[in-house]
Amino acid sequence: MRLFSKKTFAHGVHPPEAKEATAGLAIRRFPFPPSLTIPLSQHIGKPAVPVVREGEEVIRGQLLAEPDGFMSVAMHAPASGIVRRIGLMPSASGKMVPGIYLEPFPGSSQEVPDGAGVDLESATADEIIAGIQAAGIVGLGGAAFPTHVKLKIPEGKRCETLIINGVECEPFLTTDHRVMLEQSDDIFMGIRYLMKLTQAAKCFIGIEANKPDAAQHLQDKLPADLQAEVEVAVLPVKYPQGAEKMLITALTGHEVPSGGLPIEVGAVVVNVATTAEIGRLLPVGQGIQERVITVTGPAVKKKGNYRILIGTPLRFILDEVGVEDDIARVFMGGPMMGPAVSSLDIPVVKGTSGVTAFTLREGGDTPPKEYPCIRCAYCVDACPIFLNPSQLGLLAKNGEFATMAEEHHLMDCFECGSCSFVCPSHIPLVQHFRVAKAAVRKAKAS
Amino acid sequence: MSNLAWIFVSAVLVNNFTLSYFLGLCPFFGVSSRLETAFRLGLANIFVMVITSVCAWSLETLVLPHAPYLRLISFIVVIASTVQFVEMVIKKLSPALFKALGIYLPLITTNCGILGLALFQTSRGYGFFEGLVFAVGAGMGMTLALVLMAGLREEAELSDVPKVARGIALNLIIAGMLAMAFQGFAGLFGSAA
Amino acid sequence: MVSVAKTLQLRTSPHVTSGASVDLIMRHVVWALVPTALFGVYAFGLTAAVTLSAALASCLLAEWLLCKWSEQPSTLSDWSVAVTGLLYGLTLPPGLPVWMTMLGGFIAVGLGKHLFGGLGYNPFNPALVGRAVMQAAFPVGMTTWHAAFGSGRFSSVPSSLFTFPFAAPEYTDALTSATPLAAWKFEHNLAAASDLVMGFTTGSTGETSAVLILLGGAYLAARKMMNWRIPLSIFVTVAVLTFALHLASPEAYPTAPFMLLSGGLMLGAVFMATDMVASPMTTLGVVIYGALIGVLTVTIRLWGGMPEGVMYAILLANAVAPHIDRLVRPTVYGTSGRKA
């Protein structure tokens, strides 16, 4: 185990970690809701295509929808039940999206039959990739990028370093922390598949220093066959340490080229929960049905880390855990990058790592007063990509979106929120950038 | 401080043509909205000034002793022809700049700063090299003023300027503040205005 | 089933902030200036109190009126005009007629700040704009200094203070005296370093006590409300240049401590050059900016016609700051072209 106490990326911010409430709570199973709302697209790429009909009874783990091409993944039934409807349902973005309404059988044992597993020893790389796609696995860290696509190394590129992302820099969330403590066998199994697939020379498990128990546990449980290549790397606590680019720079010293992918510097980064699912599902040929999320925040009464079915509506979750009377905002994820939800009828999807709820005490009735930019450069010192958020903000205010993209690298911003976090003028910089990026993309498309 | 060095520093900083003598304000406000055009126009200015200086000195030394009453008009004719020459050169070397400057090129390079250069040079009795140094210094001083002004104007463009002040009003005031700042160079190296 | 029946707020991420706030920063700058201001009042008596109050009042009034006339909500609550008013007042000679002080205050806030759009848009430090206009318009008034620690300073004020508006002030020689810089420049009189540090010399209300200015600056730097690299860069540049010159010719040039401690360098370097809006945004940029101010200050002080160069140096550097920002841009992550 190496302590990378000095090695980290430049800039970054230090939001309060706020993980004490749930870091020590073991994963508990969350009750099955009376109705599951399962969007057909929980990933980047084309939505899955349903293979079941309305009124059909399905068994837990059964294929509900198959991938539509390579940039798509399968969708499996999170519970045994009956397909009530295949139609439109609310989503986090506010748009209505196609999905499957599934009503679990209350009395069912909810056992999952095994399928055709992908044998570690005998499977080829392509078979492993097909297996990951068939299992419906996407980036569980939040990006929801189809994992099998990420793991298909393009011609002419080599993967030198496999990085398992257990950093979890987002405040309040402790999902990955508990997965590392309680599913270490699954993680190592997943690493075996990934190492075989990527042929990487070295594997780092990146963990922030605020999870010493997880780091120690993984170090202790490291199997003999992985000792040579796998290393547990403890990194300083800094936001956004868990961002792909920042993690690669901290561990390898390389910078991912602007507009490029990590594989261009020989790195592949996979979230630790995704790795655990690969290790758990591939040997038995099952599809992903559930995931661990942290339900937390000052407005939540029964905080904890819960194993919860994909498709569980937010309303059911908050009702079960109980909320304070002055609950004001609910985020899908944590407070730094998680969007505030406009409807509680949206479900937990594959990319949901947590649900955080704030009360009126955290942020008041109205947003803080916005002042003009005073060019204090706190944001310049915070941006991990070395952009100038102050200048970008001024340009955005004047509608100069094209200039932002062409001369100031707007498209390199991954909306981590460090700039808005430190801004003394309380300018919603990230929101300006989102609007600008959308305008630039629209202009490029037309 | 040597005479030539003093002439140079005086022309650039102490007695800046734009910010101390307030000459050549038309082009100053005309092209200082974009840094690129401002800088390139400044260079064109230097070029015109150098040629003018040489011509003025030649005229003063060789021709005008015989007809001193022709001073003003001969300078004007020389400057106008030089401008045409510069226009042709720019058109050939950088069509983009030529297009960007548009009508300003002839308007600008016939600014009173050029005439001022010629007149100052003769009234102060500068020799050939002194005149050259003076021209380069004056041109660089004007370029400096243009560049600084352009930087300030580009920033002001992103600012929330009240409607009543937008446009030439704000620019005049910015120029005034810049001129005040340059007042700090007054008396530098023992020079008097 | 207990439904969550409230209306949820919709805001954009991030939903947590560091707690930094503009009015907080401005307020702390004011607190950091208070010791210097109090010392100024102690050193110069009632005169300084009146001048400071007039400066502050005129700036506050100017901002309040301008906000009212332009039908915008009043921006007095962000305390930035209080900083401007206090700084502007601290750069003035204590005996300056009140009408001049107030005129300068209106110009500083009106022209130097609100004409550009108010907070966040001023290209020059507004207090210095006010002072520069005053210097240009009223050279006699702005260079008439009163002796510090005069015996009757708490019981009487010079008659010049309450000169009828727009009339020229009359000064009694008995009360006036030369600043250390003027004394050195025009009479080759070098003040003692200890006097300069503690503030037992004459000058404008705020420029005398170096110790208090530095303490205020250190407080702000510790709270990350001021970029300490700017004053550091200025001090180092001034010290190195002056030291070298003094070494070359001790009779012609003053010592480095004298240069650092006399005149408005301390106040200017710590509180005015550090104006966030008018200074560059990158680390290397501010170091260059500070060095420029140092070079210009030394040049103007030693070889220019004015005894004091800090004000002009800072104004000129403010004009150059946009170019510094344009030229000194940090390499965006992933664009250095270095191969893996």
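In chain A, strand β8 (residues 81-90) pairs with β9(A) in the antiparallel sense, over nine bridges. Helices (H or I, at least four residues) and strands (E, at least two) are DSSP runs, numbered from the N terminus. Two strands are said to pair if DSSP finds at least two bridges between them. The model is predicted, and local features need pLDDT of at least 70, side-chain atom pairs count only at pLDDT 80 or more, and totals for chains, interfaces and linings use all residues. Residues are numbered from 1 along each chain as its sequence is written, while chains are lettered from A and ligands numbered from 1 in the order in which they are written.

Pro90(A) stands opposite Met96(A) of β9(A). Five residues lie between the two strands of this hairpin, and Gly94(A) takes a positive phi near 100° there. Strand β9 (residues 96-104) also pairs with strand β3 (residues 36-39) of chain A. Those two run antiparallel and are joined by four bridges. Ile38(A) has Ile100(A) as its bridge partner in β9(A).

A further sheet in chain A is open and has five strands. Its order is β2-β15-β14-β17-β16, with mixed pairing. β2 (28-29) and β16 (327-332) stand at the edges; each has a single partner strand, so one side of each is left without a neighbour in the sheet. β2(A) runs parallel to strand β15 (residues 304-309) of chain A, and two bridges join them. Here Arg28(A) has Tyr306(A) as its bridge partner.

β14(A) pairs with β15(A) in the antiparallel sense over six bridges. Arg291(A) stands opposite Ile308(A) in β15(A). β14(A) also pairs with β17(A), in the parallel sense, over three bridges. Val295(A) stands opposite Val355(A) in β17(A).

Seven of the seven residues of β14(A) are buried, so this strand is largely enclosed by the rest of the structure. A residue is buried if 20 or more other C-beta atoms lie within 10 Å of its own, exposed if 12 or fewer, and partly exposed in between, with C-beta atoms placed from the backbone. In a regular strand the side chains alternate between the two faces of the sheet. Both faces of β14(A) are covered. Glu290(A), Val292(A), Thr294(A) and Thr296(A) are buried on one side, and Arg291(A), Ile293(A) and Val295(A) on the other.

Helix α9 (residues 314-321) of chain A lies across β14 (290-296), β16 and β17 (354-359) of chain A. The helix runs at about 65° to β17(A). Axes are lines fitted to C-alpha atoms, for helices over the stretch in contact, and angles run from 0 to 180 degrees between N-to-C directions. Leu314(A), Phe316(A), Ile317(A) and Leu318(A) of α9(A) are buried. Their cover includes β14, β16 and β17 of chain A. Just after the helix, Gly322(A) takes a positive phi of about 80°.

The domain assignment of chain A gives domain 1 (1-32 + 127-366) and domain 2 (378-445). Such bounds come from an automatic or database domain assignment. The contact takes 12 residues from domain 1 of chain A and 13 residues from domain 2 of chain A. Residues are in contact if their C-beta atoms, placed from the backbone, lie within 7 Å. The side of domain 1 of chain A that touches domain 2 of chain A has nine nonpolar, three polar and no charged residues. Ala, Val, Leu, Ile, Met, Phe, Trp, Tyr, Cys and Pro count as nonpolar, Asp, Glu, Lys and Arg as charged, and the others, Gly among them, as polar.

Between chains, 38 residues of chain C are in contact with 60 residues of chain A. The side of chain C that touches chain A has 19 nonpolar, 15 polar and four charged residues.

Some backbone features remain. Most residues other than glycine have a negative phi, and most peptide bonds are trans. The peptide bond from Tyr239(A) to Pro240(A) is cis, with omega near -5°. Pro240(A) is in the loop between β12 (230-235) and α7 (244-252) of chain A. Ser13(C) and Pro14(C) are also joined by a cis peptide bond, with omega about 0°. Phe386(A), a residue other than glycine, has a positive phi near 60°. Phe386(A) is partly exposed, with 19 other C-beta atoms within 10 Å.

Methods: Two residues are in contact if their C-beta atoms, placed from the backbone, lie within 7 Å.
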